[in-house]
Amino acid sequence: MSQFSRSWWGQKFIAALEQFTDSGRLSRGRSYASGGKVKSFEIKDGIVTAQVRGSVNPYFGVYKEPLYTTTIEFQPISAAKWAAVIALIASKASLISRLLLNEIPDNIEDSFAQLGLNLLPHSRRDFQSDCSCPDYSNPCKHIAGVHYLVAAELDRNPFLLFELRGLSRENLHQELAKSPLGQALSAELQLQKRPPVAVTSYYTHLTTEPLSENQSLRDFWHGAKRLPQTIQGSSSYGVANSRPEALVPGISVKKQGDFPAFWTRDNSFIEAMEALYEQVRNKGQL
């Protein structure tokens, strides 16, 4: 699961399905999704539609590769319940700030649970699925394969969770922006989006200061107070002279997220950079 969907919300989507779906069918569905068996895949108005290639089986008289139509329709949350969810989220600065920044908080499901709702599927009642294949079981391997493609799509668009439940990203942002916290955050975001203003110079103008007559060049360059020749180690866990902790925020690295667009590996980009920075801090010791 972790290798197919790399984001936490995509992994939680599959983990939720595993709670009430046969693991064997999910495994075969995963091989279908990764093996290129899904010929077409579309999500529109909360309905997932896919064309999935079947298997040739002469024993059952199937001599030509069949093409099955698979649909998955998620149960939408009513407008009244969405209003209650938005009101609860809008009252929490930690949630509304991240949502307005197009991020999904990892504890977003807790807000739904307080109202007796769930964003991720918790049972078969949360969606309806159908496939034109002759397999009477539901989900069949074709439906299971489409589930994995939905999880992969969540990596690219985490707000698809809201859209599948009947609320688009645009409508979510509009409703959150109406709250007092949302209005303040939206105003700040609009200020950050202002176009740059041209100025005469983007560099600080140099100024000259007269040199004191009784100041030598040596004192000018070395300064009145000499810097310490050695740096004293800080105390860590009661151990004196231990190596000081490196307090490097790494905002430019962390703002890329765990899986930025250019990162093709399955491990976290931030964790890889933390390991690299640790090696550099330890003078390149591998």
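## Surface and overall make-up

The chain has an accessible surface of about 19400 Å², and carbon and sulfur atoms own 53% of that. Keep in mind that this is a predicted model.

On the secondary-structure side, you get 12 helices and 4 strands. Of the 286 residues in the chain, 32% are buried. As for contacts between residues at least 6 apart in sequence, 59% of them join residues at least 24 apart.

## Aromatic pairs

Aromatic rings pair up 8 times in this structure. Take Phe13 and Phe74: the ring centres sit 6.2 Å apart with the planes at 45°, so this pair counts as tilted. It's a link between distant parts of the chain, with Phe13 in helix 1 (residues 8-18) and Phe74 in strand 3 (residues 67-74), 61 residues apart. Both Phe13 and Phe74 are buried.

There's a cluster to look at as well: ring pairs tie together Trp82, Phe112, Phe159 and Phe162.

## A lysine over a ring

Tyr32 has a charged neighbour over its face. That's Lys37, at 5.6 Å from the ring centre.

## A nonpolar patch outside

Back on the surface, Val199, Tyr202 and Tyr203 make up a nonpolar patch, and together they have about 430 Å² of accessible area. To find Tyr203, go to the loop between helix 9 (180-192) and helix 10 (217-222). With a relative accessible area of 69%, Tyr203 counts as exposed, because the cut-off for that label is over 50%.

How values were computed: Residues numbered from 1 in each chain as written. Predicted model: local features only at pLDDT ≥ 70, side-chain atom pairs only at ≥ 80, totals over all residues. Heavy atoms only, no water. Phe/Tyr/Trp six-rings, centres within 6.5 Å; stacked < 30°, edge-to-face > 60°. Helix = DSSP H or I, 4+ residues; strand = E, 2+ residues; numbered from the N terminus. Buried < 20%, exposed > 50% of the residue type's maximum accessible area, 1.4 Å probe, protein only. Lys NZ or Arg CZ within 6 Å of the ring centre and 35° of its normal. Patch = residues over 30% accessible without salt bridge, like charges linked within 9 Å, V, L, I, M, F, W, Y side chains within 5 Å. Areas by Shrake-Rupley, 256 points an atom, 1.4 Å probe, with all protein chains shown as cover. Salt bridge = Lys/Arg side-chain N within 4 Å of Asp/Glu carboxyl O. Contact = heavy atoms within 4.5 Å.
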